[in-house]
Structures are given as C-alpha cells and as structure tokens.
Amino acid sequence: MSEVVQPWQLRASFAQRLSTLYGTEVPAYNMLLEVSGEVNANVLRQQGAEAERLGSIDRVTAERHGAIRVGTPQELAEVARIFGALGMYPTGFYDLRDAVPAPIPVVSTAFRPVDSVELARNPFRVFTSMLVPEDRRFFSPGLGKRLSRFLAARTLFPDELLALADHAEAEQGLPQADAERFLELAVQAFALSREPVDRIWYSELEAVSSVAADIGGVTTTHINHLTPRVLDIDDLYQRMSDRGITMIDRIQGPPRWRGADILLRQTSFRALAESRRFREPDGAVVEGSLRVRFGEVEARGLAPTPVGRDKYEAMILETDRRAVSDPERSRAEHMAQVWREQFPTTELDLAQQDLAYFTFRINDARPRDGQPPTSLATLLSESWIIAEPIVYEDFLPRSAAGIFSSNLTSQGEVDTSAGEAPRDRAWMSGAIARDIADPSDLYAAQRDASLEQIQREFGLQKI
Ligand code: OOG
Ligand code: NI
C-alpha cells in the first residue's frame, strides 16, 4: 500500500506548482517573490518574535492567494470539486457588480481552508469570480444569450481531473500516483492556453468589460494572479518602485497605522502584455498580445467583528467625505487622521470593545486569589486571560473592485437602468450545491470555542 497524500499536502503542492507555473508565465511575479522575501526577512530581523504574531514565518512565506474567473454555475461547481480535494471550501460572497469605483459583471467567493489547524498547515486560498451573463446592466439580451451559449459549449476541466477530485474529497486524500496525476491535470487546467482567441468575439465582449472578455472570450481559463503575503507592504511598495516597476497609485484598504492592523492591505502592478494567438475574421491565425494579468501583494491584519467592520466602513466613508470637502490634503492624510481620531491602537482595546476577533486562553501567570470576574473586558484588564489575534483570512470587495479596475484596459459600458439579476450567498450556494460559509461565523466559532474552554476551567456560568 502506498502512502495516502492528504488534502493539505495536495493543497501545499498545488500552490507550489501553480507558483512555479505562474513564474514562468509572468516573470515579474518572480521578482515580486524575491522582494517579498527580502521584506519579510527584514521585518523578522527588526521585530523578532513580534513579526510572527499573525502567523509563523513559514506560513507567511508559503502563503498565496490566487484569483481565477469562470463563466457559469456549472464551472463554479467543478472548481468547488477540485478545491474540495485540496481541503478548500467556499467562504464568503462578494458582489462586484455594483462595486465602487467600477462595476464588474461578476459575483465571487473564496475557496480556502476553514479551520485553524488546516490554515496553519497551508493557508492557500483562491478568489473565484463567476460571470453573470443574465445581468442586463452589462449584457443585452442578445449578447447575454450568445455568451451563455458559448460558455455552455466549453469544457474547462477534463473528466479525469474531476473524477480524481471527487475521489480525493471522498477519501480525504489520494494514493501517490493518483495524487501526481491529479496535481498535473489541476495545474494544467490553469495554465495560459495557446488556443487562438477569436478576435471578433473577444472584442465584442471587451467593449462591455475586459473581465467579461477575459472570462467568456476564450474557451479556457487561467490563473489571473497569485499574491504573496508580506509583513510590511509599504516597504515592499517602495522597493518595487525602486526596481522600476510601476505600481498602482496606492495601497488599498486601511492606512499604514501605528496600531494593530485589521483586514488586509493590497497593492498591485500591471503585468506586461503577454503573447497570445488570435483568429482573425478571415480565419488567419496571428500572433498578438493581451494584457490581462497582473502582480499583486498583500499584508494581513486582524479579522474585524461585524461591529469592527461597520466601524471600518464608516471610517472609509468619513475619509471620502473629508477628501471631497477638503481636497487640499491628500486622501491618505485624511485617512490617517480619521484613524487617529476614531480607532483604538492596541489589541487590548480592540478586544475589549469587541472590534476584532481573538481567541482567549488562561494566563498561567495570573493572580491566583479570588473568584474570576465574569466580564470579558475585566478578565482581560485584570490579566486573568490573554487574547491572541485571529488573522483575517478573507477578502475586501472594495479593494477587489479597485484591483480589478486599476488593471482594466477598458472600463466598458454599464446601463445602470437595466434589470439586474439578483444574486446572493444563498443563490450561489444553491447553484453549486454546497454551503458557502459566512466568514464571520467561522471567526466567531473559533473565539467561542476558546471562551467555552475558559468558562469550564474557571467554572463560570457565562462570560
Ligand atoms: C480578482 C480580484 C480580487 C483580491 O485580491 O481582492 C482579488 C480578479 O482579478 O479576478 O484577487
Ligand atoms: Ni487578488
């Protein structure tokens, strides 16, 4: 009997192989990895153990998120089977169709490990977007119908790959030889194809949205970007700029901040045009190029609670408001100011005000006398328990939309008066016949489990 390759090992290996593939396809990605490595080593040198507070350096070094884009619920369901084999489950629902600053005709979820043990083994996640050809704000009835027909006729993933995926998910792993075959087919499915692109069809979709063309203009799919994690994104931004790479004009998400970071901060650069083959109207196949892929990097902070998230959104709105009313100062300055005025700096404050998620454990060096208090805030302030941050494992729709749109060649045309097709988490869940987790439920479950443990040990009725 050969050893079974477990889901997390398949996941780590898939992420590794995809990274190698993407590096051969987009050489600037390799430079990004090199610079990310420098930045992380530097932070580790300067901060020591503190640098690993939101994840071990091994985890952070291996950590990537990918982005892929598919056309139909059926394709999304197939993607779910492939990622299911890797122990990655759909989490969160993102509707980018009315996103600021630019609407994109997709709805998305992210496939990722959901429990902390699996995340620690390998945290690979993939932001996965699906076109909505039925949305009349983007696609006329005629174009929408032709697009759906085109998508229905293509096959992104071979049967052999899907069968191996089902087997792996059902058995929680694959024997060596099958694992090898599965990984080979899975990585291949996301390589950039040399199949000629139909020029007229691609251009027709591009007039609506370059994302629509990237997804529905071709008969294959590909990894759009692969994003490493850094411990100091401002330093990375500077180093990449120093190397002559033109980054987008800012880092998306919360500001650089002297307090604990929440959510995620991301930035990107446009990759070079890549050579692609085109089929011209006269049938001739010619070499051409497309520029749809890019490099992205991110820094992760604490996961905010719903209260913290609302506060974040309110602070962003306040930043926007001040940026309009006082254009003399930059948006970044306004943002820093709003944060200084309104957001606590320490983890302790975030925990006591229930703004971010933590797990809690009993402080072994606590004062031994007396009965422990029952309020979380007091347990913390009197050092009965210690809070450990939960890192944000998900995405930010506003940044996602910003990343999408800053890398678009054409903004496309949107008819905001036309009918939208209603889509939400429940709809997507039904369409792929799998639960789509709400990220907050996952974070809250982790926190609650740790609190129940403390309750038991301290013999408290409730905290
Ligand atoms: C996905 C854009 C979203 C992120 O990091 O927010 C994303 C895409 O371009 O397909 O990857
Ligand atoms: Ni991304």
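Two strands count as paired here if DSSP finds at least two bridges between them. With that settled, a word on the source: this is a predicted model.

I'll start with the sheet. It is open, has 5 strands and mixed pairing, and its order is S3-S4-S5-S2-S8. The edges are strand S3, residues 89-95, and strand S8, residues 225-228; each has a single partner strand, so one side of each is left without a neighbour in the sheet. On average, neighbouring strands of this sheet are turned by 20 degrees against each other, direction ignored.

Inside the sheet, take S4, residues 106-112, and S5, residues 125-131. These two strands run antiparallel and are joined by 6 bridges. Val107 stands opposite Met130 in S5.

Next, the domains. The protein chain is divided into domain 1, 4-303 + 391-432, and domain 2, 307-388 + 451-458. Their C-alpha centres lie 31 Å apart. Where they meet, 9 residues of domain 1 are in contact with 14 residues of domain 2. The domain 1 side of that contact has 7 nonpolar, 1 polar and 1 charged residues.

Last, the core. The largest nonpolar core has 107 residues, and Leu10, Phe182, Leu302 and Ala356 are those with the most contacts inside it. Helix H4, residues 73-85, gives the most to this core, with 6 residues.

Leu302 is worth a look on screen. Leaving out residues up to four places away in sequence, Leu302 touches, among others, Ala260, Ile262, Leu350, Ala356 and Tyr392.

Conventions
Residues numbered from 1 in each chain as written. Chains lettered and ligands numbered in written order. Predicted model: local features only at pLDDT ≥ 70, side-chain atom pairs only at ≥ 80, totals over all residues. Core = buried A, V, L, I, M, F, W, Y, C linked by C-beta atoms within 7 Å. Buried ≥ 20, exposed ≤ 12 C-beta atoms within 10 Å, placed from the backbone. Helix = DSSP H or I, 4+ residues; strand = E, 2+ residues; numbered from the N terminus. Contact = placed C-beta atoms within 7 Å. Domains from an automatic or database assignment. Nonpolar A, V, L, I, M, F, W, Y, C, P; charged D, E, K, R; others polar. Axes fitted to C-alpha atoms, helices over the stretch in contact; angles between N-to-C directions.
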